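This report goes through a few places in a protein model, one at a time. Please look at the sequence and the structure before reading on.

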Amino acid sequence: MIESAQRLAWRLAPQLIALIIILILCRLVFPGFYSIEFQNGRLYGSLIDVLNRGAPVALLAVGMTVVIATKGIDLSVGAVMAICGAVAASSSVRGDPLVLTLILTLGVGLICGVWNGFLVSVLNIQPIVATLVLMVAGRGIAQLITEGAILTFNDPGLIFIGSGSFIALPMPVVTWLLFGIAVAVLLRLTALGLLIEAVGINRRASTLSGIRTPVLLMAAYMLSGLCAAIAGIIVAADIKGADANNAGLWLELDAILAVVVGGTSLLGGRFSIIASLIGAMIIQAINTGILLSGFPPEFNLIIKAAIIVIILVIQSPKVQGVMTFLTVKSARKRDVEQTAQ
Amino acid sequence: MMQSNDEILSATAIVKRFPGAIALDHVNFSLRRGEVHALLGENGAGKSTLIKCMTGAYRRDEGSLRLDGVEIDPRDPLDAQSLGIGTVYQEVNLLGNLSVAENLFLGRQPRRFGLVNTREMNRQARALLANYGMDINVSRSLDSYSVAVQQVVAIARAVDLSGKVLILDEPTASLDAQEVEMLFRIVRGLKAKGLGVVFITHFLEQVYALSDRITVLRNGQFIGTRETASLPRKDLVTMMLGHELADAEKELRAHQPDSGNVRFEFNGYGKAGKIKPFDLSVRKGEVVGIAGLLGSGRTETAQLLFGVDKPDSGTATVAGKTVSLNSPRAAINEGFGFCPEDRKIEGIIGDLSIRENIALALQARRGWARPLSRSEQIALADRYIKALDIRTTDREKPIKLLSGGNQQKAILARWLATNPQFLILDEPTRGIDVGAHAEIIRLIEDLCAQGMSLLVISSELEELVAYSSRILVLRDREHVAELTGGAITTQNIVNAIAASGSEKAVQ
């Protein structure tokens, strides 16, 4: 048990260090960054803001991590968010009870996942192309549902999901924390994590070992669709309306970035959902920090890009190799694995 | 003729350390002009490390390296290449989607007005390959040619670029007999031109057919350099294995007469375009061997039996019950296991640990909801690492870092962990060193004695003869003969493979 905790800490160390450094930088450019207040039964403050605003990307990153671990990618999640937001809004406007609205929306997210999964696992289309289809078509579908307008609703139950609070935390924070940890635990307590990694590293060998690869791939894309549906509900509930044009726009790229910053290789295989969640928080902390710092907004994207480049450079195999070399040199007696062949 | 000034490349007292291990311990190696020098040793002996030190892929820790009497210190393989040392690896390191000519002249294409002069390049490529007695269409993509032709292209490129020393790292591992002969002709030609050739292989016959001298390494130690002509094969094996010799020598197992019940039966089983319908029955505790040339339908037979390909005719019966084997999973549920020919692509999950690779098939059969706990996986892995003598410092090491023989054992372990009734082995001993080779053969015999049924495909006929109680011979995607009992001899197999016409030679 202690051993596995150690392994996890070792795995998460680079992401945690990066997050801490970003938070320190935020404090330097905005002195009030760490102050947290308790008002009207919930917490307020920049840190809470980071957790709250980061919810959509964190949720998308959960599904994206699993899809990327299977050596795939899901470009459609932003569009699926828009579809699901539209479905939720139109269902709410129609007067459906909240439970039905949620079931419908999550169901549509799963169906989007089934579509992607079908293209990838049954028709064997390359994931980047297969999910591009829905990425393009998705916004059109969402516009059809909202009939081109911003569809507003005022069901307090639905709105609560976006802006309510639970044990002093905003609902989106509670949602992504619980969901992300639940998925991470599910994958590691069952054999799913191992099987997903095996498929991502060598699909053919995995099939020959008796793994039902098509089913597993389908499940990965369905999970990604489900994550996008939840994120879509949160975004729609937050603004009390469905905006087919802008909901989730470019968020698929942030989600992929969160996974990469989290240290999961785009080549598939080894993955960590927790690391991706930290990655999502790193990205959101950068966003919020730049916003609060008062830099001219035109610098924001450039600063963000620069910080991300630095994080990726530190994680790159070349730099890691140098770091390993240095640690090996300083502690030569430590039994470090290296191939002697 | 054999003076020291004939030496083109000499390595003296090379030492290479890795954290926790000495990979090369004062190893000497010298290569003469116009000789083929075989570098032999078991996996892990240090052959690859020595080669990598000579080609600059690794930096040596001690020792000196001289080329033409001049001290050299190549920084990387490119540097070594420009000094005159070229290397051709077992897996051809070329770009299959480019044309043959482009591969030959990659990075130094003849230009005209700053653009690649394709016509000139193709002309030069044809001229270059003509030196090797090859007349092929150089504008076709490289992967449209056989591995043998790709090897020759790789050699032509390496020689053209370097021109003093050519290192061949297991070039023949995936070639058939005819292709090997072609390759040898080419190597002899290069030798006559005065090149020094270093030849690494696991096939001892090839060593005797081609090499002038032999250097043997064992566990990173230099064992010795001998003239091939004056080194009996038995002595060579002793040099390579040390004391294990007596065990490694093949003892012919008495062929047991067919007994016991037929457990696995296939009637009229086939798939159009892959393999013609065949009948096959396998008894408990029986090893059925499959012999045939590459492309004769050996692997296709195995894949059909394991459900990788779906049969379009015939029935399969397991223990008297008709079953449908439409996927590997269905076959596994009937107690099948399959060690494929291409370990890297179809066998190992490279980035996963040895532990996870061993546990994988069992885990897949149990389903995702019933995970093997970490401690169960560890127990499983440790048991098979010990039982099969998988040589590794740590069960948590990614399996891709193991040598070929140990990877093969780990994949065998993966299947043994599922306690299979019927194990299909496709070329279980290909590309494996002599020591592991003998161990795997012993393992096949043990499993058979424990009552497991095995189907073994192998190009090494002596090996098949040693452990099979029946041998099926394949030719042109058809099962053409079945040899049993006393009829099982290498000569009979060769005759059956070579026989023309398709009458069945059932003995």
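## Ala184(A) and its surroundings

In this predicted model, Ala184(A) touches Ile273(A) and Ile274(A), leaving aside residues up to four places away in sequence. Ala184(A) itself belongs to helix α8 of chain A, which covers residues 171-189.

Is Ala184(A) buried or exposed? Around Ala184(A) there are 21 other C-beta atoms within 10 Å. A residue counts as buried if 20 or more such atoms lie within that distance, so Ala184(A) is buried. As for Ala231(A), it is 47 residues from Ala184(A) in sequence, and the two C-alpha atoms are 17 Å apart in space.

## Two packed helices in chain A

Helix α4 (residues 77-94) of chain A packs against α6(A) at an angle of about 15°, and the two axes are 7 Å apart. Angles under 35 degrees count as roughly parallel, and therefore α4(A) is roughly parallel to α6(A). The crossing of α4(A) past α6(A) is left-handed.

Which residues make this contact? From α4(A) come Ala79(A), Val80(A), Ala82(A), Ile83(A), Ala86(A), Val87(A), Ala89(A) and Ser90(A). From α6(A) come Leu134(A), Met135(A), Gly138(A), Arg139(A), Ile141(A), Ala142(A), Ile145(A) and Thr146(A). Sorted by class, the contact of α4(A) with α6(A) has 12 nonpolar residues, three polar and one charged.

## Ile141(A), one residue of that contact

Ile141(A) is among the residues of α6(A) that meet α4(A). The helix that holds Ile141(A), α6 of chain A, spans residues 127-146.

How many other C-beta atoms lie within 10 Å of Ile141(A)? There are 18. Buried residues have 20 or more and exposed ones 12 or fewer, so Ile141(A) is partly exposed. Further along the chain, Thr152(A) is 11 residues from Ile141(A), and their C-alpha atoms are separated by 17 Å.

## Where chain A meets chain B

How many residues does each chain give to the contact? Chain A gives 29 residues and chain B gives 36 residues. On the side of chain A that touches chain B, the elements giving two or more residues are α9 (192-201) and α10 (203-208) of chain A. Of these, α9(A) supplies the largest share of that side, with six residues.

The residues on the side of chain A that touches chain B can also be sorted by class: 13 are nonpolar, 10 are polar and six are charged.

Conventions:
Residues numbered from 1 in each chain as written. Chains lettered and ligands numbered in written order. Predicted model: local features only at pLDDT ≥ 70, side-chain atom pairs only at ≥ 80, totals over all residues. Helix = DSSP H or I, 4+ residues; strand = E, 2+ residues; numbered from the N terminus. Contact = placed C-beta atoms within 7 Å. Nonpolar A, V, L, I, M, F, W, Y, C, P; charged D, E, K, R; others polar. Axes fitted to C-alpha atoms, helices over the stretch in contact; angles between N-to-C directions. Parallel < 35°, antiparallel > 145°, perpendicular 65-115°, else oblique. Left-handed = near helix turned anticlockwise from the far one by under 90°.
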